[in-house]
Amino acid sequence: MGSKELLVFLLSALIHLTGVSSSNVFDVTKYGAIGDGKTDDSHAFLNAWASACSSTLSTSTLFVPKGKTFLLKPVTFHGPCKSTSVTVQILGNITAPNGLWNWNYNSGSWIIFDSVYGLSVFGGGDIEGHGSTWWKCKQSRKCSGAPSALMFNFCNNLKLKSLKISNSPQIHLVLHDCKNVYVSGITITAPADSPNTDGIHTQYCKQVEIKNSTIKTGDDCIAISKESSDIKIGGIQCGPGHGISIGSLGQSYSAATVERIHVYNVVFFGTMNGARIKTWQGGSGYARDITFENLMMVNVDNPIVIDQYYCNGQQGSCRNHTSAVKVSNVSFTGVFGSSSNVVAIRLACSQTVKCKDVHLKNIRLTSSGGEKKAALAYCLSVEGTSSPPVVPAVPCLSKWIN
Ligand SMILES: *[C@@H]1O[C@H](CO)[C@@H](O)[C@H](O)[C@H]1NC(C)=O
Ligand SMILES: *[C@@H]1O[C@H](CO)[C@@H](O)[C@H](O)[C@H]1NC(C)=O
Ligand SMILES: *[C@@H]1O[C@H](CO)[C@@H](O)[C@H](O)[C@H]1NC(C)=O
Ligand SMILES: *[C@@H]1O[C@H](CO)[C@@H](O)[C@H](O)[C@H]1NC(C)=O
């Protein structure tokens, strides 16, 4: 090698190692995206993605510039990519088509990232799902399902920051089979009466942290579903919505395993539920090692709920069975505020598979219906402890003073 070749070789090695090169940024407008909110920019996005994903530099970025609105039909961004770290920077707005549009019922979502490892998605722009036509269609029972807005499938080492997602036809953000996920600064907004518009839904995921986010929807703010472990959720404002739920688990006689869930520092505003575990009759498996800690309830219907009779009002599904998802080692610690329902604490466990080691500590829930309506607790088939102060009192739990 001559000295000139050596220099070129060293420079390219350096660029390769540091990933510093303008050519690793793939701007969708350079691939033909118009961004007028009307033209279908899906192909331009997919072409830009194909380049970003096949870049041999160590990092690559799909770039969505500011000041424009890009219309996307249902799209899937497939991995794995060649770069060890892929960034999607969404500074402009992204919008779904208005009305009902064709989408693959089985894949379930509008925008999908599939098998992309080391992906970071940073926001700034709005992701607008235009769900209202879907909601009407569902409410009139003409549509049985609707797309979720954003889905991450098999995306290990995933980071999502500063995303704004609004008005999804169904769930706003789905995390499916992802390991090591960090989510922060997410704002999700949909009307209180929009059907099934869960904020974040996680299933088959391990090591997920969701922080500093505001979620206002028509269904669960966050739902932790089957096969979930090591999930931390903190610093969340939830409401309107149905609260933070573990479940539903065990539907259609299925098995579920959920463990090591920590939900802390959450404020619930006018939600239907606060901290909830919901399982269907006839399921199996377990939900265990769960801590709900430091929760503020502002006019919440049902602040603390374990419901093993969940059946979503579905015909023929509300029958009782002997098997159930086993619920154990669950604590509710530091829960304050007001309940708009008389039964502020509801622990309704399976009569054949008791809830074990349920611990309540430092709880003060008053009725927002005035002094005369004292908040109450309901218990069925539950064993555990209550460490005063616990208001309302939960007499079925043994007193534990430490
Ligand atoms: C992006 O969406 C937000 C919220 O709808 C809006 O305020 C903003 O003007 C939009 N930006 C562009 C460039 O259309
Ligand atoms: C929390 O999220 C908001 C956006 O919703 C962001 O502006 C703020 O910087 C974040 N704070 C922290 C500490 O990350
Ligand atoms: C109960 O769960 C907590 C985590 O929520 C865990 O630290 C503790 O070890 C568990 N206790 C038992 C007896 O498994
Ligand atoms: C199932 O059992 C619960 C608890 O005993 C009871 O309240 C409920 O009415 C039963 N449901 C049916 C459909 O029998």
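A disulfide here is a pair of cysteine sulfur atoms within 2.5 Å. By this rule the count comes to 6 disulfides. Cys311 and Cys318 form one of them, with their sulfur atoms 2.1 Å apart. This is a predicted model: local features need pLDDT of at least 70, side-chain atom pairs count only at pLDDT 80 or more, and totals for chains, interfaces and linings use all residues. Residues are numbered from 1 along each chain as its sequence is written, chains are lettered from A and ligands numbered from 1 in the order in which they are written, and side-chain values use heavy atoms, with hydrogens and water left out.

**Disulfides**

- With bonded cysteines counted along the chain, the disulfides of the protein follow the pattern 1-2, 3-4, 5-6, 7-8, 9-10, 11-12.
- The torsion about the S-S bond of Cys311 and Cys318 is about 85°, so this disulfide is right-handed.
- Burial is set by relative accessible area: buried means under 20%, exposed over 50%, and partly exposed in between (1.4 Å probe, protein chains only).
- Cys311 is buried, at 11% relative accessibility, whereas Cys318 is partly exposed, at 42%.
- Cys137 is joined to Cys143 by a disulfide, S to S 1.8 Å.
- The S-S torsion of Cys137 and Cys143 is about 85°, so that disulfide is right-handed.
- Cys137 is buried, with a relative accessible area of 10%, and Cys143 is buried, with 14%.
- Cys349 and Cys355 form a disulfide too, their sulfur atoms 1.9 Å apart.
- The torsion about the S-S bond of Cys349 and Cys355 is about -100°, so this disulfide is left-handed.
- Both Cys349 and Cys355 are buried.

- Cys205 is in no disulfide; its nearest cysteine sulfur is that of Cys178.
- Cys178 is buried, with a relative accessible area of 2%.
- Cys205 is buried, with a relative accessible area of 1%.

- Helices (H or I, at least four residues) and strands (E, at least two) are DSSP runs, numbered from the N terminus.
- Cys155 sits in the loop between strand S11 (148-153) and strand S12 (158-161).
- At 0% relative accessibility, Cys155 counts as buried.
- Contact means heavy atoms within 4.5 Å.
- Leaving out residues up to four places away in sequence, Cys155 touches Phe113, Asp114, Ser115, Val116, Asp177, Cys178 and Lys179.
- Cys155 lies 207 residues from Asn362 in sequence and 39 Å from Asn362 in space, C-alpha to C-alpha.

**Helix H3**

- Helix H3 spans residues 132-139, and its buried residues are Trp134, Trp135, Cys137 and Lys138.
- Seen down the axis of H3, these buried residues fall within an arc of 165°, so they line one face of the helix.
- The arc is that of the directions from the helix axis to the C-beta atoms.

**Thr61 in strand S3**

- Strand S3 covers residues 59-64 and holds Thr61.
- Thr61 counts as buried, at 14% relative accessibility.
- Not counting residues up to four places away in sequence, Thr61 touches Asn24, Val25, Phe26, Ala52, Thr87 and Gln89.

**Ligand 1**

- A residue is near a molecule or strand if one of its heavy atoms lies within 4 Å of it.
- Ligand 1 is surrounded by Gly67, Lys68, Thr69, Asn93 and Asp126.
- A polar contact is a pair of N or O atoms within 3.5 Å; within protein, one must be able to donate a hydrogen and the other to accept it, and residues adjacent in sequence count only if both atoms are side-chain atoms.
- An N or O atom in the side chain of Asn93 is 2.3 Å from an oxygen atom of ligand 1.
- A polar side-chain atom of Thr69 lies 3.1 Å from an oxygen atom of ligand 1.
- For Asp126, a side-chain N or O atom is 3.3 Å from an oxygen atom of ligand 1.
- Ligand 1 exposes 360 Å² when taken alone, and the protein buries 37% of that.
- Accessible areas come from the Shrake-Rupley method with a 1.4 Å probe; for residues, only the protein chains shown count as cover.

**Ligand 2**

- Gly185, Thr187 and Asn212 surround ligand 2.
- A polar side-chain atom of Asn212 lies 2.4 Å from an oxygen atom of ligand 2.
- On its own, ligand 2 has 360 Å² of accessible area, of which the protein covers 31%.
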